[in-house]
Amino acid sequence: MTRPARLLLPFIAAAFVPAAFAAPANVDPRIEELLGELAKVRQIDAVQLSPDGSQLAWVVRTQGKDSVEVAKADGSDAHRIGTDKPGACNQSDVAWAPDSHHLAFLSDCASGGKQKELFLVDTQAKAAPKKLAALTGVAQGLSWSADGKTLGFLYVPNGTRRASAVFAAKPAAGEIGVDGMEVQRVAAVEAAGGAVQLLTPAETYAYEFAWSPDGKRITYTAAPPPGDNNWWLAKLYVQNAQPGAAARLVLDPSTTKGSLHGLQMALPRWSPDGERIAFIGGLMSDQGATGGDIYAVPSSGGEPINLTPGIHVTPAWLAWTSPQQLLVAQVSNGQSQVAEYAVTADQASQGRTLFTLPADISDGSAEMALSLSGDHTRVAFVQSSYTSAPEVHAGGLDETASAAVTTINASLKPGWGKAESVEWDNEGRHVQGWLLYPANFDPKKSYPMIVTVHGGPSSAVIPHWPGVGFGGSPFSALGYFVFMPNPRGSFGQGEAYVQANRKDFGHGDLRDILAGIDTIEKKLPVDDKRLGLTGWSYGGFMSMFIPTQTQRFRAVVAGAGIANWQSYYGQNLIDQWMVPFFGASVYDDPEAYAKSSAINFIKQVKTPTLIVVGDRDAECPAPQSFEYWHALRAQGVPTSLVVYPNEGHHFVDPDHQRDVLQRALMWFEKYLPASG
């Protein structure tokens, strides 16, 4: 593998990362060792439990490629599907058929890595996987109808990129918004194989879907294309599961009354009798970053009912386990929690809490999603934390969290310090965050601290094992405290808390963060003269904005940031998200945007700042980083701008992932040395 380029740290520098890196020079050996250890983790992207609870299938990274493995429910007898050598091709997106024998998955093995195709394998036989359909586009989200006759999925015919705003945008060319438009639709293939059938209309971009209990209908969230931008305008539809069937509008958040008005919805789920559809509704920053209250609406249409008003947790995923009960995975005070909710016509009340974990959990299909057996007595998910690398966990669904059934990453040990939940009150709100101690912490010594602000803002820091790439945890291994707050705007304290920074980006949440720093400094040996700041996306914005409001931080790394909300409104490809958060467009209320724009207070910035961004970032476009860099350079503030080619909001090139973390580590080492 090629190695990252030498880190350039002149007083003023801008760099475009080349396609191939030269060998690094003058890199702290500790950083090289840390990056090497982080690279050892094997990511587990998905796990599915068979309906009868007897088998598991998971997707694990092997020699740089994703492989599907199948095992018994206790993790034994694990083996790879197919005969291709590990690392030769990619397999993904597993889905068990109702018979618990057949497993559907996507694979590019037969095409030599050129295109994924849909396969079906009988896990109880020795026969080779059978190709169900050739795919000429991009597919994801495999889901079987209850009768096992049809496999549905989300499909972009002739698609050139994964459907999500976080992936690299297509290069701008032709008539924007017209030429090359890619539309994701709900598609289906018969279990016996055959042509791909497109169920939803060509003029509608579908984001999520679910089969009705009898398999005759589907419900889905959708909006007109472009899909990356219009998720914030998505409506809920129901139609017969047939090509050309008429779609019936069930719910439009832009016209509905009550607490859902103008907000987002996600994860529609049919009630067992097919009469209602439950979903998560609230103020959400991105598709996939789900959180809010639990709502229900008649499947025939009508006004939605908020079943959980006033709760102080954030549901992120749900499943009906009976006509009167939901299983809910939720963020609770910075932790993952799974609980049962009793459901009536107009209310869902939390009953038994099954378990609460200082760890990240998911089956790979959605944030915090769980894979359940058909009788809802067994569960499987991937779990990781600051103390344990990712493993598949499976077992009975009860008040004891399931143990790991794999040892894929069992040899890995954390190189950072211990993790601690920190809680404080500020301006009448309860706030929580996570603190990593420096590795080999000595209470008699004084340490610097790096504050890492999460993206979103509608998101939350939940403990998870880091990989190579931008993130705060690795700083702990080099002798820093690392503070990761969940200020107002975050998930985990209820929907009112999530909405508390609407029209107030960077102000109230900054006061929450500063109060958290004060809380930590009162009990631990943190040197207030050695504070650093970093973050990505919304955290990148905060890393640009905070130095305009306070001189408390001595070094900054801003990843995929936003310098000027007013210019950003016209530059980004997802402007629809801004109205729910700012209350109006920039053209109708420019002051709401101006008060949170770092560029309007730029003369206050004195802090050395490294700025990093992907050149095809649709969410936080590179011109925002250029604008901030130009402003700092004009004032003689030490700064460096690094732009990564062919990268979107989430970096995918392993060399770029490594390089961006290495640069961040070395920037803080230069301007905020842990030994200073």
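This is a predicted model: local features need pLDDT of at least 70, side-chain atom pairs count only at pLDDT 80 or more; totals for chains, interfaces and linings use all residues.
A residue is called partly exposed when its relative accessible area lies between the 20% under which it would be buried and the 50% over which it would be exposed.

The structure holds 19 salt bridges. In general terms, side chains of opposite charge can pair when their charged atoms come close. One of these contacts joins E340 and R352, whose closest N and O atoms are 2.8 Å apart. E340 belongs to strand β24 (residues 335-343) and R352 to strand β25 (residues 348-357), so the pair ties together parts that are twelve residues apart in sequence.

A second salt bridge brings together the side chains of R30 and E669, with an N to O distance of 3.8 Å. Here R30 lies in helix α1 (residues 29-38) and E669 in helix α11 (residues 654-671), so the contact ties together parts that are 639 residues apart in sequence. R30 is partly exposed, at a relative accessible area of 42%, and E669 is likewise partly exposed, at 26%.

The side chains of K523 and E420 meet in a salt bridge of 3.0 Å, N to O. K523 lies in helix α5 and E420 in strand β30 (residues 419-426), so this pair ties together parts that are 103 residues apart in sequence. E420 is buried, with a relative accessible area of 18%.

Helix α5 itself runs over residues 508-523 and has 16 residues. From its first C-alpha to its last it reaches 24 Å, close to the 22 Å expected at 1.5 Å a residue. Its buried residues are G508, D509, L510, D512, I513, L514, A515, G516, I517 and I520. As background to that list, an α-helix has 3.6 residues a turn, so residues three or four places apart point the same way. One of the buried residues of α5, D512, also takes part in a network of salt bridges that links E427, R488, R511 and D512.

Attention may now turn to a β-sheet. Four strands form an open sheet in the order β18-β19-β20-β21, with antiparallel pairing. β18 (264-270) and β21 (305-306) stand at the edges and have a single partner strand each, so one side of each is left without a neighbour in the sheet. Within the sheet, strand β19 (residues 276-282) and strand β20 (residues 293-298) pair in the antiparallel sense over six bridges. The bridge partner of F279 is Y295, in β20.

The second largest pocket has a volume of about 830 Å³. It is lined by 34 residues, of which A169, K170, I176, D228 and L573 are the closest to its centre. By class, the lining comprises 16 nonpolar, seven polar and eleven charged residues. Helix α2 (residues 227-230) gives the most to this lining, with three residues.

P226 is placed in the loop between β15 (217-223) and α2, and the peptide bond from P225 to P226 is cis, with omega near 10 degrees. Another cis peptide bond joins G456 and P457, with omega about 15 degrees. P457 is found in the loop between β32 (447-453) and α3 (473-477).

Q63 has a positive phi of about 50 degrees although it is not a glycine. Q63 lies in the loop between β3 (55-62) and β4 (65-72) and is exposed, with a relative accessible area of 67%. D93 also has a positive phi, of about 55 degrees, and is not a glycine either. D93 is located in strand β6 (residues 91-96), whereas Q63 is a loop residue.

Terms used:
Residues are numbered from 1 along each chain as its sequence is written. Side-chain values use heavy atoms; hydrogens and water are left out. Two strands pair if DSSP finds at least two bridges between them. Helices (H or I, at least four residues) and strands (E, at least two) are DSSP runs, numbered from the N terminus. The expected span of a helix is 1.5 Å times one less than its number of residues. Buried means under 20% relative accessible area, exposed over 50%, partly exposed in between (1.4 Å probe, protein chains only). On a 1 Å grid over the protein atoms alone, a cavity is a set of points where a 1.4 Å probe fits but cannot get out, and a pocket is an open set with protein on both sides within 12 Å along at least five of seven lines; lining residues have an atom within 4 Å of a point. Grid points are joined across faces, edges and corners, and a volume is the space filled by probe spheres set on the points. Ala, Val, Leu, Ile, Met, Phe, Trp, Tyr, Cys and Pro count as nonpolar, Asp, Glu, Lys and Arg as charged, and the others, Gly among them, as polar. A salt bridge is a side-chain nitrogen of Lys or Arg within 4 Å of a carboxyl oxygen of Asp or Glu.
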